[in-house]
Amino acid sequence: DIGQHDPYIYHEVAEQYPERIAAIYLRSVSHKEKIKSVKSLYSNFKTIPMLLVENSTQALEHAKLHRFI
């Protein structure tokens, strides 16, 4: 949920341990400023995929497509 501090924590952990994380999936919220802030945080982050998803089905489809699961 991008409404919490999670995006910042995940970003930090992914930078420290990129070989242990396949992708970051964050559930999108309706707060436009928060979405803008998270997109800005990850705009230059190319280490692993980061996706804003509306539901877990979208995350699951991406993970299957890239053979993470």
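Modeller: Happy to! Of the chain's 69 residues, 26% count as buried, where buried means under 20% relative accessible area, exposed over 50% and partly exposed in between, with a 1.4 Å probe and protein chains only. Please keep in mind that this is a predicted model, in which local features need pLDDT of at least 70, side-chain atom pairs count only at pLDDT 80 or more, and totals for chains, interfaces and linings use all residues. Residues are numbered from 1 along each chain as its sequence is written, and side-chain values use heavy atoms, leaving out hydrogens and water.

The chain has 3 helices and 2 strands; these are DSSP runs numbered from the N terminus, with helices (H or I) of at least four residues and strands (E) of at least two. Along the sequence they follow the pattern α-β-α-β-α.

Now to the part you asked about. Strand S1 (residues 24-27) pairs with strand S2 (residues 50-53) in the parallel sense, over 4 bridges; pairing requires at least two bridges found by DSSP. Within this pair, Ile 24 stands opposite Met 50 in S2. Together with helix H2 (residues 32-42), S1 and S2 make a right-handed β-α-β unit. Right-handed here means that, with the strands pointing away from the viewer, the path from the first strand over the helix to the second runs clockwise.
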